[in-house]
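Subject: Structure handover and what was found in it

Dear colleague,

I am passing on the structure below, and my notes on it follow directly after.

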Amino acid sequence: MIGIFKPVRFRRLFLRAMICLVFLCLFAGGAVAATRTWDGGGDGISWSDPANWSSNSVPREGDLAIINNAGDYVILNQPSEVNDFQIRAGATLIMDNNLLVRDDVQLLSSGNATAYLTGTGFLKLKMSSGSDVYIEADNATDTLSVDNLEFADLDGSNNLVFLGNATATKLVVNNNFTWTNSGVFEIFVANSILEVPSMVIPTGMTLDASTATCTLRVKGDFIETGSFIEGNTCSVEFNGTAGTVTAGSNPTQFYRLKINASCVMTANTNIIVTDNWTCDGTFNPGNYTVTMTAADNTATLGGAADSSFNNLTLNKAGATFTISRSFSVLGTFFMQSATAVNANANTITINGGTWDNNIGDVAFAEGTSTVVFSGSNPILPDAAETFNNIIISATVSATALADYTVNGNWTNNQSTFVPGTRIVTYNGGSCALLGTAPLTLYTCTISATGALTLDAGDDLAVNTITVAAGRTLTLTDNCTLRVGTSATISGNFTANGTLSPTVIDRGAYFTWTFSSANNISISRLDFKNPDNEGMKFTTKPAALSLASINFTNTDGQASGVYLNFSFDPTGTSYTFSNCTFDLACQFNVRTLSAGTWNTETVTMQGYTGGKGGGQYEDDQSLGKVTAGAPDDNGSIRWPKKTWVGGTVGNLTSWNTNGNWSPASVPLATERVRIPKVTYNPVLNANGVAASIEIESGAQLTTDGVGRTLTISGALVLYPDDGNGVAAFTYNESVVGSQLTISGNVVSSGTISITALNCTISGNVENNAGFTASVSGTFTISGNVVNTSSFNPGNVTVGGSWTNSASYTHNNKKVIFNGSMGNITRGASSFYDVDINNGKVYTALDSLVIDRNLTLPGTIKVTSTISVSGAFSSTTGTVEFNGTAAQTVPAWTYNNLKISNTSAAVSLAGNTLVNGTLTINSLATLSAGTYT
């Protein structure tokens with residue numbers, strides 16, 4: 001408040017005394033100024049009726065006019081001028097004309113009531129020279145409501161003072177607030193509320209809100225070509241349905257700014273907020289900048305609605321900025337100066353703009369927030385930055401400009417991320433890769449506090465990856481890790497899932513080294529194209545479990561080793577099961593030089609592949625063990641029982657020791673080899689094996705009295721090499737029978753299964769004939785690939801289905817139960833198909849079902865779909881995502897999604913969608929005449 005207002009109350013009383021003295025002098029001997037109080041003694045409503053006023057005289061220039069009762073109702077039916085005007089809260093003045101007040105407008109207390117000055121006329125506040133005009137109230141709960149208010153003077157030396165004897169006074173201007181004065185409008189009421197339709201501060205004029213804590217509510221525009229002094233006290237609220245902020249050459253500066261619900265505020269200038277930004281409505285930023293300066297060293301960006309900025313700058317050295325609401329930035333998010341920016345659990349979206357952190361990585365406190373880089377070409381930080389969650393959704397590209405640390409998830413959505421030569425460090429305890437697109441990083445590090453999980457569908461490419469001691473890398477289901485140069489695992493490593501994770505090169509061989517004193521646990525993994533050192537172990541792990549690793553090398557060069565142990569086992573023995581070694585290596589397993597590894601330290605059970613077995617090992621770095629006895633010498637043991645048969649009295653008995661070499665019935669840890677001999681084995685007792693290999697011309701059958709057969713690894717039937725077709729016949733339908741195969745079934749012979757229950761935990765590859773009749777549960781957890789005749793009966797499949805030959809359904813059901821997979825039916829149709837809840841399958845060719853399709857899950861149709869019976873979709877989704885024109889059958893869907901962006905999709909008839917209809921961008925759905 002300017003100096004002449006101190007003390008305001010004393011100055012005001014003094015001015016009144018002087019004015020009275022002047023009036024006494026001017027009107028000595030004549031009419032003098034008087035107090036006129038409304039009594040309604042005339043017609044009861046007309047201002048111009050003298051009988052309605054005390055002394056039966058209408059107020060005139062120089063008088064004090066008082067409407068004193070809360071129920072008074074007065075019509076100003078002629079233009080009037082008074083020196084002072086008082087109105088009781090609860091009274092109403094209908095202003096058909098203007099009322100000019102030279103000194104003071106006072107709201108008299110009634111307690112939580114409103115005095116109304118309503119109509120087309122203006123309340124004009126105008127002092128001729130040298131003094132001020134007051135609007136004051138003497139009760140905190142009362143409101144003065146004025147439809148039209150004008151503040152003007154003759155010589156520009158006066159000021160308008162909003163004054164009160166109590167706090168929280170409210171002055172509401174409903175329609176017009178005009179200001180033709182060159183002085184100051186000063187708000188001098190603590191916790192007061194001034195509400196105007198628009199606030200226009202003309203050139204040369206000043207709105208001073210710095211003296212008392214107050215609220216300015218603007219229903220329309222805030223236009224500042226004069227001066228606005230916000231101090232550290234005034235909250236400005238945009239309270240209408242729409243408004244703008246416009247300034248002259250300088251930014252408009254607010255202390256606290258709030259955009260109320262249902263209000264749309266548009267910036268026509270740069271805005272400075274020195275305390276809190278609160279958005280409950282909508283902010284249109286235009287091309288301007290919002291700067292928060294935290295005058296009191298703390299400021300909050302919040303509200304009930306997300307804000308969208310063009311440019312947002314946080315700038316106060318030593319201040320703490322708290323983000324309590326999500327926001328997006330089209331231009332630059334500039335953390336120019338601060339001690340801390342606390343993101344908490346909110347989402348910050350850089351929508352094609354720039355992330356510019358001038359205060360450093362430590363000062364940005366990521367909390368549990370998410371930072372999204374979207375739009376065309378968002379610019380990532382050019383200095384090291386730590387994120388909790390980061391999402392890359394750029395429509396063109398996004399480039400790493402520095403090293404980044406992620407404490408949560410990295411999400412890559414249909415975008416091109418350019419990693420440069422930067423390092424990405426996963427530092428959180430449960431990090432994951434999410435999104436719909438593969439991610440490429442240059443150097444990936446899982447730090448001393450991090451853990452990264454790649455799961456179903458994830459595809460991560462790295463040049464190098466490092467897992468720190470004590471930390472964890474987990475691969476599960478059908479994820480893919482692509483390694484360019486090297487992987488060094490000094491911490492924990494786990495690979496598992498219903499489907500096999502894959503580790504593969506990026507076009508050249510890679511080094512994979514376990515230098516871990518922690519835990520290594522692999523229960524399923526496809527390991528492709530390592531360098532000549534293969535999967536190398538240089539340090540003894542605390543725990544080491546290897547199973548179902550499929551080693552392959554696509555270049556076909558037989559060099560190097562696949563499984564390489566170069567640590568000192570210190571007397572520990574290990575058992576590894578169900579590993580497959582293709583022909584493209586020199587050695588399958590290598591152990592350290594003689595004298596370091598003890599005899600039979602490693603037991604390889606249930607192995608398969610072209611170079612499985614002891615004849616291809618590099619035992620104790622000697623090249624291989626003694627020829628002719630590969631399974632009985634050195635540190636690597638390949639447990640095997642070979643069927644010989646022919647024991648007198650028990651020629652074909654599985655359960656006779658003499659029918660085996662070595663002479664004992666196979667144990668669960670031993671590989672079983674069945675060559676072509678005179679007497680084929682018959683399972684006449686419950687059988688176990690690590691794996692079973694049936695060679696050309698040999699066969700294994702059962703005696704049909706309820707036998708169980710448990711194979712912990714693979715069942716392999718060799719192709720006919722001239723000795724005949726290999727055969728496996730399990731014919732056990734007696735209660736208690738169970739066939740369990742924990743590994744893959746690879747068959748170039750014939751398989752016939754009759755059982756109560758059958759479980760195959762791996763993949764099934766049928767190349768010569770497969771028939772099953774299972775009265776209970778038949779489950780294949782992996783993929784099904786058929787190149788011959790295939791008749792599995794009722795079956796549940798956990799992976800993909802690929803048929804390129806003859807599948808006979810025999811009126812049986814196929815249940816698809818994998819997290820995701822593909823279906824290729826070939827030339828054969830299905831009978832009944834279920835896709836279980838939460839499961840996602842893609843039909844890669846036309847899908848033909850002779851009876852019913854039940855769909856709690858999701859089917860993606862790339863060609864056509866035909867169902868002759870009932871279609872039931874309770875919680876599921878049908879998605880059409882082909883590349884040629886497609887037709888949507890006239891069914892009742894739960895959810896229907898159209899994502900074919902290459903050709904039109906049309907309805908075949910009237911269609912009902914009970915859930916959600918989704919039409920992706922660039923996709924079309926033609927309804928024609930249908931609904």
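How many cavities of 30 Å³ or more does a search of the whole structure find? The search finds three of them; please bear in mind throughout that this is a predicted model.

The largest cavity holds about 60 Å³ of space, and its lining is made up of Tyr 509, Pro 530, Asp 531, Asn 532, Asn 553, Ser 559, Gly 560, Val 561, Tyr 562 and Cys 585. Sorted by class, that lining has five nonpolar, four polar and one charged residues. Strand E58 (530-537) and strand E61 (561-565) each supply at least two of the lining residues, and E58 gives the most, with three.

Turning to the protein as a whole, the secondary structure comes to one helix and 105 strands. The radius of gyration is 43 Å, well over the 30 Å that the globule rule gives for 931 residues, so the protein is more spread out than a compact globule. The C-alpha trace spans about 155 × 65 × 45 Å along its principal axes. Buried residues account for 53% of the 931 residues, and among contacts between residues at least 6 apart in sequence, 37% join residues at least 24 apart.

In general, strands of a sheet pair through backbone hydrogen bonds, in either a parallel or an antiparallel way. Strand E48 (residues 439-446) is mostly covered, with six of its eight residues buried, and this strand runs parallel to strand E46 (residues 423-426), to which four bridges join it. Within that pairing, Tyr 426 stands opposite Ile 446 of E48. E48 is also joined to strand E50 (residues 459-467), again in parallel, by seven bridges, and there Cys 444 has Ile 465 of E50 as its bridge partner.

E62 pairs with strand E65 (residues 602-605) over four bridges in the parallel sense, and Ser 577 has Gln 605 in E65 as its bridge partner.

A few backbone details also deserve a careful look, given that most residues other than glycine have a negative phi and most peptide bonds are trans. Gln 620, in the loop between E65 and E66, has a positive phi, near 50°, and this residue is buried, with a relative accessible area of 13%. Asn 810, which is not a glycine either, has a positive phi of about 50°; Asn 810 lies in the loop between strand E88 (806-807) and strand E89 (813-816), and at 47% relative accessibility it counts as partly exposed. The peptide bond from Ser 661 to Pro 662 is cis, with omega near -5°, and Pro 662 sits in the loop between strand E68 (660-661) and strand E69 (671-674).

Lastly, is Gln 886 buried or exposed? Gln 886, which lies in strand E99 (residues 886-888), is buried because its relative accessible area is 3%, which is under the 20% cut-off. Leaving aside neighbours within four places in sequence, Gln 886 is in contact with Val 861, Thr 862, Ser 863, Phe 880, Asn 881, Asn 900, Ala 904, Val 905 and Ser 906.

With best wishes

Terms used: Residues numbered from 1 in each chain as written. Predicted model: local features only at pLDDT ≥ 70, side-chain atom pairs only at ≥ 80, totals over all residues. Heavy atoms only, no water. 1 Å grid on protein atoms, 1.4 Å probe; cavity = no way out; pocket = protein on both sides within 12 Å on 5 of 7 lines; lining within 4 Å. Points joined across faces, edges and corners; volume = space filled by probe spheres on them. Nonpolar A, V, L, I, M, F, W, Y, C, P; charged D, E, K, R; others polar. Buried < 20%, exposed > 50% of the residue type's maximum accessible area, 1.4 Å probe, protein only. Contact = heavy atoms within 4.5 Å. Pairing = 2+ DSSP bridges. Rg over C-alpha atoms; globule rule 2.2 N^0.38 Å.
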